[in-house]
Amino acid sequence: VVRLYEVPSLLIKALLAAEDQRFFEHEGVDPLRILGAGWANFLAGKTTQGGSTLTQQLVKNFFLTQERTVRRKMVEACISLILELHYSKLEILENYLNEIYLGQRGAKSILGMWEAARFYFGKEPRDLTLSEMAVLTGMVKAPNLYAPTRHPDAALQRRNYVLQRMYEHSDISSDEY
(Lines give C-alpha, C1' and ligand atoms only; values in the text may rest on other atoms or scores of the structure.)
Protein backbone atom coordinates (compact mmCIF):
# COMPACT_ATOMS: atom_id res chain seq x y z
CA VAL A 1 0.00 0.00 0.00
CA VAL A 2 1.35 3.38 -1.04
CA ARG A 3 0.32 6.37 1.03
CA LEU A 4 -0.65 9.48 -0.87
CA TYR A 5 2.26 11.46 0.59
CA GLU A 6 4.63 8.87 -0.95
CA VAL A 7 3.28 9.45 -4.45
CA PRO A 8 4.98 12.17 -6.52
CA SER A 9 2.70 15.11 -7.19
CA LEU A 10 3.48 14.82 -10.92
CA LEU A 11 2.10 11.28 -10.92
CA ILE A 12 -1.15 12.56 -9.43
CA LYS A 13 -1.25 15.43 -11.93
CA ALA A 14 -0.65 12.98 -14.78
CA LEU A 15 -3.47 10.73 -13.54
CA LEU A 16 -5.90 13.62 -13.23
CA ALA A 17 -4.90 14.99 -16.65
CA ALA A 18 -5.53 11.60 -18.25
CA GLU A 19 -8.58 10.44 -16.33
CA ASP A 20 -10.43 13.11 -14.36
CA GLN A 21 -9.26 16.72 -14.66
CA ARG A 22 -12.17 17.97 -12.50
CA PHE A 23 -11.70 15.39 -9.72
CA PHE A 24 -11.48 17.98 -6.95
CA GLU A 25 -14.48 19.92 -8.29
CA HIS A 26 -17.22 17.29 -8.62
CA GLU A 27 -19.13 15.24 -6.05
CA GLY A 28 -18.23 11.80 -7.43
CA VAL A 29 -20.19 12.15 -10.66
CA ASP A 30 -19.32 14.82 -13.22
CA PRO A 31 -22.37 15.83 -15.31
CA LEU A 32 -20.21 17.99 -17.61
CA ARG A 33 -17.96 15.05 -18.34
CA ILE A 34 -20.93 12.77 -19.00
CA LEU A 35 -22.44 15.30 -21.42
CA GLY A 36 -19.10 15.82 -23.16
CA ALA A 37 -18.50 12.09 -23.53
CA GLY A 38 -22.06 11.57 -24.76
CA TRP A 39 -21.65 14.29 -27.38
CA ALA A 40 -18.27 12.94 -28.53
CA ASN A 41 -19.71 9.43 -28.78
CA PHE A 42 -22.73 10.72 -30.71
CA LEU A 43 -20.51 12.56 -33.20
CA ALA A 44 -18.26 9.51 -33.63
CA GLY A 45 -21.20 7.13 -34.00
CA LYS A 46 -19.65 4.80 -31.44
CA THR A 47 -18.25 4.83 -27.91
CA THR A 48 -14.97 6.71 -27.98
CA GLN A 49 -15.03 8.35 -24.55
CA GLY A 50 -16.18 7.40 -21.10
CA GLY A 51 -17.76 9.75 -18.61
CA SER A 52 -16.69 7.99 -15.42
CA THR A 53 -14.83 9.86 -12.71
CA LEU A 54 -12.03 8.34 -10.63
CA THR A 55 -14.59 7.78 -7.87
CA GLN A 56 -16.87 5.89 -10.25
CA GLN A 57 -13.96 3.79 -11.50
CA LEU A 58 -13.01 2.95 -7.90
CA VAL A 59 -16.62 1.98 -7.11
CA LYS A 60 -16.81 -0.24 -10.21
CA ASN A 61 -13.55 -1.99 -9.30
CA PHE A 62 -14.47 -2.50 -5.62
CA PHE A 63 -18.17 -3.25 -5.68
CA LEU A 64 -19.52 -3.90 -9.17
CA THR A 65 -18.98 -5.97 -12.26
CA GLN A 66 -17.49 -4.80 -15.55
CA GLU A 67 -20.83 -5.21 -17.35
CA ARG A 68 -21.79 -2.26 -19.55
CA THR A 69 -25.41 -1.58 -18.73
CA VAL A 70 -27.35 1.55 -17.84
CA ARG A 71 -28.45 -0.10 -14.58
CA ARG A 72 -24.85 -0.75 -13.50
CA LYS A 73 -23.89 2.84 -14.38
CA MET A 74 -26.79 4.17 -12.29
CA VAL A 75 -25.82 2.05 -9.30
CA GLU A 76 -22.20 3.12 -9.78
CA ALA A 77 -23.22 6.80 -9.77
CA CYS A 78 -25.31 6.40 -6.60
CA ILE A 79 -22.55 4.59 -4.73
CA SER A 80 -20.04 7.21 -5.91
CA LEU A 81 -22.15 10.01 -4.45
CA ILE A 82 -22.42 8.15 -1.15
CA LEU A 83 -18.69 7.41 -1.11
CA GLU A 84 -17.90 11.10 -1.59
CA LEU A 85 -20.10 11.93 1.42
CA HIS A 86 -18.18 9.58 3.70
CA TYR A 87 -14.59 9.89 2.49
CA SER A 88 -12.33 12.78 1.58
CA LYS A 89 -11.06 13.30 -1.95
CA LEU A 90 -7.56 12.44 -0.74
CA GLU A 91 -8.75 9.13 0.76
CA ILE A 92 -10.54 8.25 -2.48
CA LEU A 93 -7.47 9.17 -4.53
CA GLU A 94 -5.16 7.12 -2.30
CA ASN A 95 -7.41 4.06 -2.60
CA TYR A 96 -7.65 4.53 -6.35
CA LEU A 97 -3.86 4.68 -6.71
CA ASN A 98 -3.56 1.42 -4.77
CA GLU A 99 -6.37 -0.50 -6.46
CA ILE A 100 -6.43 0.51 -10.12
CA TYR A 101 -5.98 -2.37 -12.55
CA LEU A 102 -2.86 -1.89 -14.70
CA GLY A 103 -2.42 -5.10 -16.64
CA GLN A 104 -1.48 -8.74 -16.22
CA ARG A 105 1.62 -10.61 -15.14
CA GLY A 106 0.68 -14.06 -16.35
CA ALA A 107 -2.51 -15.02 -14.52
CA LYS A 108 -1.99 -12.35 -11.84
CA SER A 109 -3.44 -8.85 -12.08
CA ILE A 110 -1.18 -5.85 -11.58
CA LEU A 111 -3.05 -3.62 -9.13
CA GLY A 112 -2.01 -0.13 -8.13
CA MET A 113 0.67 2.32 -9.18
CA TRP A 114 3.31 0.84 -6.85
CA GLU A 115 3.01 -2.63 -8.31
CA ALA A 116 2.85 -1.25 -11.86
CA ALA A 117 5.93 0.94 -11.33
CA ARG A 118 7.83 -2.08 -10.04
CA PHE A 119 6.64 -4.40 -12.81
CA TYR A 120 7.02 -2.12 -15.83
CA PHE A 121 10.02 -0.02 -14.77
CA GLY A 122 11.63 -1.78 -11.79
CA LYS A 123 11.23 1.38 -9.69
CA GLU A 124 9.33 2.82 -6.76
CA PRO A 125 6.74 5.45 -7.80
CA ARG A 126 8.89 8.22 -6.28
CA ASP A 127 11.76 7.27 -8.63
CA LEU A 128 9.77 7.34 -11.88
CA THR A 129 10.60 9.86 -14.58
CA LEU A 130 7.85 12.13 -15.92
CA SER A 131 7.72 10.00 -19.07
CA GLU A 132 7.27 6.80 -17.03
CA MET A 133 4.54 8.42 -14.94
CA ALA A 134 2.74 9.41 -18.12
CA VAL A 135 3.00 5.85 -19.45
CA LEU A 136 1.50 4.37 -16.27
CA THR A 137 -1.32 6.89 -15.98
CA GLY A 138 -2.01 6.57 -19.69
CA MET A 139 -2.47 2.83 -19.24
CA VAL A 140 -5.47 3.34 -16.95
CA LYS A 141 -7.79 3.79 -19.96
CA ALA A 142 -6.98 0.33 -21.37
CA PRO A 143 -4.13 -1.39 -19.50
CA ASN A 144 -3.62 -4.31 -21.84
CA LEU A 145 -3.85 -2.13 -24.94
CA TYR A 146 -1.34 0.46 -23.63
CA ALA A 147 1.08 -1.88 -21.84
CA PRO A 148 4.60 -0.82 -22.88
CA THR A 149 5.76 -4.44 -22.76
CA ARG A 150 3.11 -5.61 -25.26
CA HIS A 151 2.24 -2.55 -27.34
CA PRO A 152 5.12 -0.04 -27.15
CA ASP A 153 3.84 2.13 -30.02
CA ALA A 154 0.38 2.47 -28.48
CA ALA A 155 1.95 3.14 -25.05
CA LEU A 156 4.12 5.88 -26.56
CA GLN A 157 1.14 7.48 -28.29
CA ARG A 158 -0.91 7.41 -25.08
CA ARG A 159 2.04 8.75 -23.06
CA ASN A 160 2.29 11.67 -25.47
CA TYR A 161 -1.42 12.34 -25.01
CA VAL A 162 -1.01 12.47 -21.21
CA LEU A 163 1.98 14.80 -21.49
CA GLN A 164 0.04 17.05 -23.87
CA ARG A 165 -2.89 17.21 -21.43
CA MET A 166 -0.50 18.04 -18.58
CA TYR A 167 1.06 20.81 -20.64
CA GLU A 168 -2.34 22.20 -21.66
CA HIS A 169 -3.34 22.37 -17.99
CA SER A 170 -0.02 23.98 -16.97
CA ASP A 171 1.03 20.98 -14.89
CA ILE A 172 4.38 20.86 -16.71
CA SER A 173 6.50 23.44 -18.51
CA SER A 174 7.20 23.51 -22.23
CA ASP A 175 10.71 22.16 -21.49
CA GLU A 176 9.26 19.22 -19.52
CA TYR A 177 6.73 18.59 -22.28
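Set aside the neighbours within four places in sequence, and Met139 is in contact with Leu102, Tyr120, Tyr146, Ala147 and Pro148. Keep in mind that this is a predicted model.

Met139 also shows up in the largest nonpolar core, which has 32 residues. Along with Leu93, Leu97, Leu102 and Leu136, Met139 is among the members that touch the most others. As for where this core comes from, two or more residues each are supplied by α1 (9-19), α3 (54-63), α5 (89-99), α6 (113-121) and α7. There's a second, separate core too, with nine residues, including Ala17, Ala18, Ala134 and Ile172.

## How α7 meets α8

Now for a helix pair. A packed pair is described by the angle between the two axes and the distance between them. Helix α7 covers residues 130-139 and helix α8 covers residues 152-168; their axes come within 8 Å and cross at roughly 105 degrees. Angles of 65 to 115 degrees count as roughly perpendicular, so α7 is roughly perpendicular to α8.

Which residues of α7 and α8 meet? On the α7 side they are Leu130, Ser131, Ala134, Val135, Thr137 and Gly138. On the α8 side, Arg158, Arg159, Val162, Leu163 and Met166 take part. Sorted by class, this contact has six nonpolar, three polar and two charged residues. Ala134, one of the α7 residues here, is also a member of the second core.

## α8 and what comes after it

With 17 residues, α8 reaches 24 Å from its first C-alpha to its last, close to the 24 Å expected at 1.5 Å a residue. Its buried residues are Ala154, Ala155, Arg158, Arg159, Val162, Leu163 and Met166, and they pack against α1 and α7. Note that Arg158 and Arg159 are on the buried list and also meet α7.

Is Ser170 buried or exposed? Ser170 is exposed, with a relative accessible area of 64%.

The buried residues of α6 are Met113, Glu115, Ala116, Ala117 and Tyr120. Tyr120 is also one of the contacts of Met139. What covers the buried residues of α6 includes helices α1, α5 and α7, plus strands β1 (101-105) and β2 (108-111).

After α6 comes Gly122, with a positive phi near 65 degrees.

Terms used: Residues numbered from 1 in each chain as written. Predicted model: local features only at pLDDT ≥ 70, side-chain atom pairs only at ≥ 80, totals over all residues. Heavy atoms only, no water. Axes fitted to C-alpha atoms, helices over the stretch in contact; angles between N-to-C directions. Helix = DSSP H or I, 4+ residues; strand = E, 2+ residues; numbered from the N terminus. Parallel < 35°, antiparallel > 145°, perpendicular 65-115°, else oblique. Contact = heavy atoms within 4.5 Å. Nonpolar A, V, L, I, M, F, W, Y, C, P; charged D, E, K, R; others polar. Buried < 20%, exposed > 50% of the residue type's maximum accessible area, 1.4 Å probe, protein only. Core = buried A, V, L, I, M, F, W, Y, C linked by side-chain atoms within 4.5 Å. Expected span 1.5 Å × (residues − 1).
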